[in-house]
Amino acid sequence: MRWLIAFLGVAILAGVAAFVMTTPAGNGSPTAGSSSLAASPSSSSPSASAAPSVPVPEVTEFTDPCGTFDTTMRWPYAITGYWLIPTADHCTWRRQFGAIHEVGGDTVIRIGWGLQARNVDDDGRILDGDGNVDARYEPCEEDGVPCALAAENDLRAANPGNRVSWTFVYRTDEAFGPGLFRCPEFERKIVTEKTVFYRIVAPDDGTDDPSCSNIRARGRGYHVILVAAAHEDSLTELLDLGDRFGVKVYPALPLAPRDPAQKTRAAKQGTDTLTTLTRRIMQDYGARFQDRESLGGFYQPFELQMREMKYLGDSDSDHPTLRVYASQHEIVEQEMPGRPVLVSPYLDARKERPFSATPKQVAKGFEALARTGVGIIAPQDSRGTGKVGLFWPDQREDEVDERLRSVVDEKTNGDAYHGSTRDYYREMSLARTRMVEQGFNVQLWANVEAFEPTGEERCAAGSDRGRTDKERLDTAVAQVGRYVSKIVSYMWSDFYTCGSPSLAEEIARDHDRPIAADAIRMQRDIQDGVEIRGYNIPMGSKVTLTWKGQKEPHVVDVAGVNLTEPPPDLPVRMSTAWIPFDWSKVPDDTWVQVSVAGADGRAATEPLHVRVRV
């Protein structure tokens, strides 16, 4: 549920003083809705991963059956990517892409579906989890015979020793080409009025023969996979929209079956079949989309908690979900090289929970994830679910945000959580640096959750998650700071589009408010000062520094913008501003609040909390 590029491994700049300023480092699928930000019909217009560059919109205005839309980016914000659920209304997709791009989005990550093992009845019909005939797959018949049984009959006719050891189903709103099949004689496309089914057969040992010869040569066990798909391909349409709006699309990989005994983990028994389906889909994508610039990579939708985990790639003690990750990611690298896989695990910092994890334990989990071959790790900041809080180290004795008390009760930040959002992303950025040094090309993004644990204004049907506001989003952006290279958000529909004004409308009205994300002590020539990294801090901005024991706040104008070579991997739109300031005025080990206001007087909603140590 459901996004920018800066990492902690920043090289020390030449002008940094001898002193070091340490900055504190501090789930359900809602239905998609149309954006409340409609484009005006008459208006005109990641370094280590080697991911393709962001495409440039082809035109500023175009017309199709959904009407005329322009592709102008009107209100660019710090968040540049969003999760999205495409709907049955294709004009809604257009409005969503247009609205996302208007507020600066260049990335869309879409939700996917899971592979499921299913029982069949004596007539060969697919059963649902309650043991009833599944209406979704019931229309799949071949000459009056249910598709699963027809597949088994064909396999046995080829060799009496063949048998179907298990049947799997997978649903999607995509349509596939012939690249999905290895053996058209036994695999086929079945077209019905509403649904197109694809029948796939593969050895149950995961070998997935390249031809049909072994089906007749020797009897063995097979898995049948029935895919319920669409007449028209949603991914083609999403990529076309991506080309139009200059947006990268990350379609979801097939979701692994869950372990019945521990549903938070992927089932080991389904790994071979999942690998086969993933390989077939990637081969089909390779035939059709290899050269599509708007295909940014792929999203791994199996969610897991970021905590200390083991994955070495050669041990039965490796985390079972990470084994599944590695299996799928290897296929992606083989069939679609250069397209990174994105994962978005969640954090849990609640001290009262035995399964929660400290920032350093989470960093170990980051390293294990990187070893599976993922290209982008975008941890959920988990503020929306209340599993992590947004606070600075000198606020550990403050009471938790009122909106979090339904999750952690009335406690101080320090009693409720092992650490803050900033603590976790700082440690993960250090882990990322270590993994890059070992040859793992992995990026660290942040997934900012755009909702509250509860709320009177609920945005998603069947969920208690409540609407949040831009002020809280700005705070989350400040907390992830310089540690990430991109900020994405779960999710556009419906959390950005519900309410009046909607969150998207709030962003449009206030997109250029300053956000200070980081500060370091930096000299220019012989003058002491501070370099602030953040968003929307141009010349004319003012910085106010306050600390305990100070007679009155110190206010200073921004003296220069982007005066130094920026550190590598800063998020898009992040810039630097420098102010002169004599740090000898501040007592050692004192926390200083750094507040930024624009020339129009609008102040950042969250001041930085920093301190200087000898």
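**Figure 1. D589 in the loop between β27 and β28.** In this predicted model, D589 is partly exposed at a relative accessible area of 43%, where partly exposed lies between buried (under 20% relative accessible area) and exposed (over 50%), computed with a 1.4 Å probe on protein chains only. The loop that holds D589 runs between β27 and β28 (591-597); strands are DSSP runs of E with at least two residues, helices are runs of H or I with at least four, and both are numbered from the N terminus. Phi of D589 is near 65°, a positive value in a residue other than glycine. Most residues other than glycine have a negative phi. Residues are numbered from 1 along each chain as its sequence is written, and side-chain values use heavy atoms, without hydrogens and water. As the model is predicted, local features need pLDDT of at least 70 and side-chain atom pairs count only at pLDDT 80 or more, whereas totals for chains, interfaces and linings use all residues.

**Figure 2. D569 in the loop between β26 and β27.** D569 lies in the loop that connects β26 (560-561) with β27 (575-580). Its phi is near 65°, a positive value in a residue other than glycine. D569 counts as buried, with a relative accessibility of 15%.

Figure 3. The peptide bond joining S493 and D494 is cis, with omega about 15°. Most peptide bonds are trans.

**Figure 4. Packing of helix α5 against helix α6.** The axes of α5 (residues 271-289) and α6 (residues 320-335) come within 9 Å and cross at roughly 20°. Helix α5 is therefore roughly parallel to α6; angles under 35 degrees count as roughly parallel, over 145 as roughly antiparallel, 65 to 115 as roughly perpendicular and the rest as oblique. Axes are lines fitted to C-alpha atoms, for helices over the stretch in contact, and angles between N-to-C directions run from 0 to 180 degrees. The crossing of α5 and α6 is right-handed, meaning that the near helix is turned clockwise from the far one by less than a right angle. Contacts (heavy atoms within 4.5 Å) involve T271, L274, T275, T278, R279, M282 and Q283 of α5 and V324, S327, Q328, I331, V332 and E335 of α6. By class, the residues of this contact are 5 nonpolar, 6 polar and 2 charged. Nonpolar covers Ala, Val, Leu, Ile, Met, Phe, Trp, Tyr, Cys and Pro, charged covers Asp, Glu, Lys and Arg, and the others, Gly among them, are polar.

**Figure 5. Packing of helix α4 against helix α5.** Helix α4 (residues 234-245) packs with α5 at an angle of about 45°, the axes being 12 Å apart. Helix α4 is thus oblique to α5. The crossing of α4 and α5 is right-handed. L235, T236 and L239 of α4 meet Y285, R288 and F289 of α5. The contact of α4 with α5 comprises 4 nonpolar, 1 polar and 1 charged residues.

**Figure 6. D240 in helix α4 and L295.** D240 lies in helix α4 and is partly exposed, with a relative accessible area of 38%. The C-alpha atoms of D240 and L295 are separated by 9.8 Å, although the residues are 55 residues apart along the chain.
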